[in-house]
Amino acid sequence: DADEVAAAAAEGTALPPPEMDAVAADPDSAEAAAETLETYYAMLADKNYAAAYQLWGHGGEESGMTAEAFANSFAKYATYFGEIGKPGEVDAGMSQRWVEIPVTITGTLKDGSTFSMAGPVIMHHVAREMDGVSEADKNWHIRDISGVKPKP
């Protein structure tokens with residue numbers, strides 16, 4: 001969970017992406033999706049970009065970047081923090097699960113200026129009862145952050 005990630009960050013160690021069955025009583029719940037997103041932003045704050053990348057769908061591919069490009073996209077930030085809002089209701093259909101979670105991202109650029117962004121993050125997973133789907137696809141992962149925009 002996010003507390004474990006924070007403790008690992010304080011010790012200078014990195015944690016692998018969580019197994020969702022371990023972090024929530026109901027791994028299909030909106031709360032489980034929010035825990036995954038909290039873990040993602042804790043990893044980014046700790047500059048553990050390789051692990052954060054893995055929390056995107058298809059092992060990071062749904063970010064639209066390679067792991068290296070993903071890590072490089074954070075090069076301009078000195079600090080980067082995400083605050084998770086209350087998740088919406090889980091939307092289910094055609095063996096898919098979706099939930100929208102509002103986030104506010106704040107931090108400092110390496111030039112010393114501050115920034116703030118806000119908007120929805122779309123989390124997704126394939127229904128657990130589906131055959132022929134990887135276990136990773138059955139866990140909550142980030143699908144889309146395009147709604148997160150700079151705040152004036």
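Lys47 is found in the loop that joins helix 3 to helix 4, in a protein with 5 helices and 6 strands. The model is predicted, and local features need pLDDT of at least 70, side-chain atom pairs count only at pLDDT 80 or more, while totals for chains, interfaces and linings use all residues. Residues are numbered from 1 along each chain as its sequence is written, and side-chain values use heavy atoms, with hydrogens and water left out.

**Overall architecture**

- Along the sequence, the elements follow the pattern α-α-α-α-α-β-β-β-β-β-β; helices (H or I, at least four residues) and strands (E, at least two) are DSSP runs, numbered from the N terminus.
- The protein has 152 residues, of which 38% count as buried; buried means under 20% relative accessible area, exposed over 50%, and partly exposed in between (1.4 Å probe, protein chains only).
- Of the contacts between residues at least 6 apart in sequence, 55% join residues at least 24 apart, where contact means heavy atoms within 4.5 Å.

**Positive phi angles**

- Most residues other than glycine have a negative phi.
- Lys47, although not a glycine, has a positive phi of about 60°, and this residue is partly exposed at a relative accessible area of 41%.
- Ser95 also has a positive phi, near 65°; Ser95 sits in the loop between strand 2 (91-93) and strand 3 and is partly exposed, with a relative accessible area of 27%.

**Aromatic pairs**

- The whole structure contains 9 aromatic pairs; rings of Phe, Tyr and Trp (its six-membered ring) pair if their centres lie within 6.5 Å, and planes under 30 degrees apart count as stacked, over 60 as edge-to-face and the rest as tilted.
- The pair of Tyr49 and Phe74 is stacked, because the ring centres are 5.1 Å apart and the planes lie at 10°.
- Tyr49 belongs to helix 4 (residues 49-53) and Phe74 to the loop between helix 5 (67-72) and strand 1 (77-84), so this pair ties together parts that are 25 residues apart in sequence.
- Tyr49 counts as buried at 16% relative accessibility, as does Phe74 at 7%.
- Tyr53 and Phe70 form a tilted pair, because their ring centres are 5.4 Å apart and their planes are at 55°.
- This pair links distant parts of the chain, with Tyr53 in helix 4 and Phe70 in helix 5, 17 residues apart; both residues are buried.
- Ring pairs join Tyr49, Tyr53, Phe70, Phe74, Tyr77, Tyr80 and Phe115 into a cluster.

**Nonpolar core**

- In soluble globular proteins, nonpolar side chains tend to be buried together.
- The largest nonpolar core has 31 residues, and those with the most contacts inside it include Leu37, Phe70, Tyr80 and Met123; such a core is a set of buried Ala, Val, Leu, Ile, Met, Phe, Trp, Tyr and Cys residues joined through side-chain atoms within 4.5 Å.
- At least two residues of this core come from each of helix 3, helix 4, strand 1, strand 3 (96-109) and strand 4 (114-126).
- Helix 3 gives the most to this core, with 9 residues.
- Leaving aside neighbours within four places in sequence, Tyr80 is in contact with residues including Tyr41, Leu44, Phe74, Phe115 and Met117.
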